[in-house]
Amino acid sequence: MSETPLLVIKNLHASVDGKPILRGLDLTVNRGEIHALMGPNGSGKSTLSNVICGHPNYEVTEGEIHFMGQNITEMEPDERAKLGIFLAFQYPTSIPGVTLANFLLASVKAIRGADNVKLLPFRKELVAQMQELGINQDFAKRYVNEGFSGGEKKRCEILQMAMLKPALAILDETDSGLDIDALRIVSEGVNRLTTPEMGVLVITHYQRLLNHIKPHKVHVLVHGRIVQSGGPEIALQLEENGYDELLKAHGLEPAGV
Amino acid sequence: MSSDAALLEEIGQDYKYGFHDNDEKYVYKSSKGLTREIVETISKQKNEPQWMLERRLEALEIFNSKPMPEWGSDLSEIDFSDIHYFMKANEGVEKSWDDVPEYIKKTFDRLGIPEAERKFLAGVSAQYDSEVVYHSIREDLEKLGVIFLDMDSGLKEYPEIVQKYFGTIIPSIDNKFAALNTAVWSGGSFIVVPAGVKVEIPLQAYFRINAQNMGQFERTLIIAQPGSSVHYIEGCTAPIYASDSLHSAVVELIAEEGSTIRYTTIQNWSNNVFNLVTKRAYAYKNATVEWIDGNLGSKITMKYPAVHLMEEGARGEVLSIAYAGKGQHQDAGAKMVHLAPNTASTVLSKSISRDGGRTSYRGLVKVAPDAHNVRVNVRCDALLLDDKSRSDTYPYMEIDNKDVQVGHEATVSKIGDEQLFYLMSRGLSENDAIAMIVNGFFEPFIKELPMEYAVELNRLIQLEMEGSIG
């Protein structure tokens with residue numbers, strides 16, 4: 001069974017409010033692989049991450065998503081999470097009145113099964129992971145993402161990844177809004193948490209994150225389709241040349257700065 | 001399934017406490033409708049002094065002469081002639097739990113009362129329909145000189161105190177339902193805390209409407225003498241019945257110089273109860289009164305806990321939550337009346353509507369001309385769980401002094417797709433995600449409750465949310 005790819009996306013078309021965003025996307029991620037998905041603004045990067053996780057505002061109009069051999073295209077987000085899919089959000093929302101500790105306990109219980117979670121070991125694990133990510137323990141008592149800085153939010157996303165131990169982690173622009181130190185801590189966290197059994201999909205606009213998280217494969221998304229796939233060298237080329245040439249090659253206007 | 005969830009399922013079967021005792025166990029039950037004879041019978045049954053009978057009869061006249069309020073909720077469905085105004089479950093007041101009849105114990109059992117009693121029993125006064133059946137006061141409270149009785153006993157044992165204060169904060173003339181309560185009141189709590197005494201443990205009373213078509217008209221009077229402090233908690237549940245019930249309580253608080261009264265209510269009336277309550281406090285020099293008011297259930301609730309800040313340095317606070325589901329209207333709020341300089345008040349109201357339910361915040365802030373250096377802070381947050389539910393805010397301000405700091409903020413939000421998706425992407429089901437958001441929304445209220453009540457309220461919310469989808 002180990003040959004079954006972790007994630008297989010076939011001819012995926014998806015739209016928001018009737019507006020097509022993804023227009024025939026194919027992607028396969030195997031266990032042990034780190035994939036980077038790059039692309040200009042508006043190319044559909046975040047849409048892809050939302051669609052893989054089942055966001056209700058996105059409609060899949062064609063194509064399929066398979067996870068560990070199972071067609072998940074129509075599944076609810078919580079079912080997908082239980083199968084092992086995790087999304088580190090670009091803009092994590094706040095949940096006023098709900099402490100990070102309670103939120104994590106509820107989600108760890110949901111993912112691992114409530115009977116498999118004992119309070120004391122959970123606490124220990126949480127404290128240890130917070131230390132690893134340089135998150136002050138007081139954050140456990142704070143309300144989820146409320147009043148967090150951009151960097152604190154991103155660290156807490158990685159903390160959730162650490163606690164939920166997903167089979168597939170999607171990092172949606174996790175580097176945006178991070179200073180150089182935070183970027184290093186977050187990247188180290190991701191590298192530490194990435195096991196040979198896992199797949200990782202790193203979505204990013206810039207190459208700089210890929211200096212820290214080394215991808216096996218890099219894909220370039222333009223206008224809802226992957227137009228180029230290859231090794232890490234692609235990211236470097238993009239860094240050098242920007243997206244304009246690619247956009248022009250596909251008959252699109254370069255994005256304004 | 002988690003043990004929590006299993007427990008919830010178990011509770012769910014009894015949820016809304018849709019069971020009831022056999023009416024025949026009542027020793028006395030008045031016929032339906034309200035007449036002078038019934039009021040006289042109530043007074044006679046209770047062996048009351050003549051002055052109380054006179055107060056009742058006077059109130060009856062006021063009740064009959066006052067029109068129904070035409071603002072707020074629609075009360076036209078109340079049929080005053082179709083209500084039993086008085087019932088008595090057994091003779092006299094029980095002092096010992098052993099003497100409480102078995103069938104009543106069973107009802108309390110299902111509501112989890114004995115457990116709460118064991119945990120922090122400072123004196124339980126469990127109202128069973130109109131009559132208090134069980135009442136005990138812990139010895140150390142008696143030693144401190146704290147009076148904690150049901151109102152009927154209070155009238156018998158301390159007639160001078162009752163006569164001095166009864167109806168001084170909320171006179172019968174105040175409103176139609178205060179008059180009704182005064183005419184037919186039965187039960188409620190009577191508490192006097194002597195000067196300087198700090199009651200460390202919350203005093204608790206449990207209320208429950210039981211018989212079909214029975215009004216419950218409890219009357220509570222709490223007097224905190226100078227420098228004392230007390231926390232009183234009432235929790236309410238009621239069984240489901242086919243026809244409408246009426247609950248109309250009057251609660252009067254007197255906080256003398258430097259004292260503190262906190263009055264906590266968690267109320268979960270069944271969805272056919274009209275809940276029309278008048279609650280008012282007088283706070284004297286440097287005294288603090290806090291109303292912590294949780295309104296779940298009922299068909300219609302109209303309740304606006306008030307604090308009159310009578311003297312300098314007085315402080316008033318209302319912290320309330322309301323939850324309105326299908327066919328429910330929670331019209332709740334607060335009144336802060338600043339009559340003296342250097343007084344402060346805070347109102348935080350949080351409401352949730354779903355499934356066509358309606359919540360309203362109705363509040364009054366009044367500042368008298370000579371009340372300078374007053375601080376007022378009002379905040380109302382409403383959360384709508386769907387498109388067919390509704391929330392309104394009616395803030396009234398009558399401010400006759402320029403030297404006043406008033407903060408007013410009102411927000412209405414709909415439960416967010418992004419919040420739901422975020423929680424569900426972490427494995428929570430839609431119901432659990434909604435319950436978590438709702439619990440978080442109510443957190444400023446829940447954290448003020450003793451733990452047992454906080455747990456119970458969290459459960460109630462979870463159960464409500466389970467019924468909300470699918």
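Predicted model: local features only at pLDDT ≥ 70, side-chain atom pairs only at ≥ 80, totals over all residues.
Biologist: How many helices and strands does chain A have?

Modeller: Helices (H or I, at least four residues) and strands (E, at least two) are DSSP runs, numbered from the N terminus. Chain A has eight helices and 12 strands. Chain B has 12 helices and 23 strands.

Biologist: What does the radius of gyration say about chain A?

Modeller: The radius of gyration is taken over C-alpha atoms, and the globule rule is 2.2 Å times the number of residues to the power 0.38. For 257 residues a compact globule would come out near 18 Å, and chain A agrees, with 18 Å. The C-alpha trace of chain A spans about 55 × 40 × 35 Å along its principal axes.

Biologist: Which residues of helix 1 of chain A are buried?

Modeller: A residue is buried if 20 or more other C-beta atoms lie within 10 Å of its own, exposed if 12 or fewer, and partly exposed in between; the C-beta atoms are placed from the backbone. In helix 1 of chain A the buried residues include Lys45(A), Leu48(A), Val51(A) and Cys53(A). Nine of the nine residues of this helix (residues 45–53) are buried, so helix 1 of chain A is largely enclosed by the rest of the structure. Just after the helix, Gly54(A) takes a positive phi of about 90°. Buried residues make up 43% of the 257 residues in chain A, and 52% of the 470 residues of chain B count as buried.

Biologist: Where is Asn30(A) found, and which residues is Asn30(A) in contact with?

Modeller: Two residues are in contact if their C-beta atoms, placed from the backbone, lie within 7 Å. Asn30(A) sits in the loop between strand 2 (19–29) and strand 3 (34–38) of chain A. It has 16 C-beta neighbours inside 10 Å, so Asn30(A) counts as partly exposed. Leaving aside neighbours within four places in sequence, Asn30(A) is in contact with Pro5(A), Leu6(A) and Gly199(A). Asn30(A) and Pro5(A) are 25 residues apart in sequence, but their C-alpha atoms are 4.6 Å apart. Among contacts in chain A between residues at least 6 apart in sequence, 71% join residues at least 24 apart.

Biologist: How do helix 5 and helix 6 of chain A pack?

Modeller: Two packed helices are described by the angle between their axes and the distance between the axes. Axes are lines fitted to C-alpha atoms, for helices over the stretch in contact, and angles run from 0 to 180 degrees between N-to-C directions. Helix 5 of chain A and helix 6 (residues 180–193) of chain A pack at about 10°, with axes 10 Å apart. Among the residues making the contact are Ile158(A) of helix 5 and Val186(A) of helix 6.

Biologist: How many residues of chain A are in contact with chain B?

Modeller: 25 residues of chain A are in contact with 19 residues of chain B. Helix 3 of chain A gives the largest share of the side of chain A that touches chain B, five residues. The residues of that side divide into 15 nonpolar, six polar and four charged. Here Ala, Val, Leu, Ile, Met, Phe, Trp, Tyr, Cys and Pro count as nonpolar, Asp, Glu, Lys and Arg as charged, and the others, Gly among them, as polar.

Biologist: Which domains does the assignment give for chain B?

Modeller: Domain bounds come from an automatic or database domain assignment. For chain B it gives domain 1 (22–303) and domain 2 (424–470). Their contact takes 10 residues from domain 1 of chain B and eight residues from domain 2 of chain B.

Biologist: Is Gly294(B) buried or exposed?

Modeller: Gly294(B), in strand 14 of chain B, counts as buried, with 26 C-beta neighbours inside 10 Å. Its contacts beyond four places in sequence include Thr265(B), Phe445(B) and Leu457(B).

Technical notes
Residues numbered from 1 in each chain as written. Chains lettered and ligands numbered in written order.
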